[in-house]
Amino acid sequence: MKALQLIIAFFLRQLPSFSRIGYWVRRFGFEPLKLDARDQTWLVTGASGGLGAEIARAGAIGGADVIAVARSRDKLEAFAATATSGRGEVVLERVDCANMAALRALADRLAGRKIDVLVNNVGILPTEHALTDEGFEQAYATNLLGHYVLTEALIANGVLQSGSLVVSMSSGGMYNVPLLPEALNATTAADFNGDRQYALHKRAQVVLTDLWRERHRDNGIVFLVAHPGWADTPGVATSLPTFRRILGPLLRSTREGVDTVLWLIARRPRTGQERIWFDRAARPVHVSEATRTASKPPQTLQDLLQHDAAR
């Protein structure tokens, strides 16, 4: 009951900021976004719908060659039909982002190219427990481990180089949990709670961005993490129908949800650790003292991901 009360209090407290209300208020201070992505190559995961499709489409319209990655061929082709007016080429890559072997194969296919922008966008909020063929809990594999494996493989293959930008899409839900590396991969149904797992993965994304920034500080790659606020996406409609029904028109559009990511790509701002970008500003990663106390140090997260990636 106490946990439920804390969650309700969080939603009520963040409603003015994370909803469309916050975006509409803040946008009056925004400069016009001029996205010139000519001569760039973007790779966007989860690009067949929702926020990922919006980012990939904006890249193509801005002149970038876009590698759109998703699991469903039909959805990818439907997305491509909406991006044909762009100046850039759209390449479709049908890849299951919960499958580490498939992600490494993608990185191998891209060897010899340079990716200017990688957007680790793909994410799921499942309501039922499931394991992948490789033995990982599906949401963990999709939301976190897959991001790590793909990014590291692209760096190892020289596809991400000095000047490349990596943006990971987190969520405001991460404000409800601390870093708990031991709970990220819930391999049994008894340990699984979809909402909590999603929040834990999104918290870990923020920590992982700092770890990447430190680990690769000498190679010129920029690592940033953002969250979109509460946007009306197919994933929200499927996984959070009650939430969507209650908030309705207060949810942000997908274009409003990706505004900060597109602004980050256009502006390439630099910031120190312990920040998440939201509505074009670097925000604190904690709003409660309760989330500052991690069960284990951040390096434990990197050790976990390295171990699981090597399986």
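D279 is found in the loop between β7 and β8 (281-284); helices (H or I, at least four residues) and strands (E, at least two) are DSSP runs, numbered from the N terminus. This is a predicted model, where local features need pLDDT of at least 70, side-chain atom pairs count only at pLDDT 80 or more, and totals for chains, interfaces and linings use all residues. Residues are numbered from 1 along each chain as its sequence is written, and side-chain values use heavy atoms, with hydrogens and water left out.

**Positive phi in loops**

- Most residues other than glycine have a negative phi.
- D279 has a positive phi, near 50°.
- D279 is buried, at 3% relative accessibility (buried means under 20% relative accessible area, exposed over 50%, partly exposed in between; 1.4 Å probe, protein chains only).
- R268 also has a positive phi near 50°.
- R268 sits in the loop between α10 (254-267) and β7 (275-278).
- R268 is partly exposed, with a relative accessible area of 27%.

**A buried glutamine**

- Q205 lies in helix α7 (residues 194-215).
- Its relative accessible area is 2%, so Q205 is buried.
- Leaving out residues up to four places away in sequence, Q205 touches N120, N143, L144, H147, S168, M169 and S170 (contact means heavy atoms within 4.5 Å).

**An exposed valine**

- V25 belongs to helix α2 (residues 20-26).
- V25 is exposed, with a relative accessible area of 58%.
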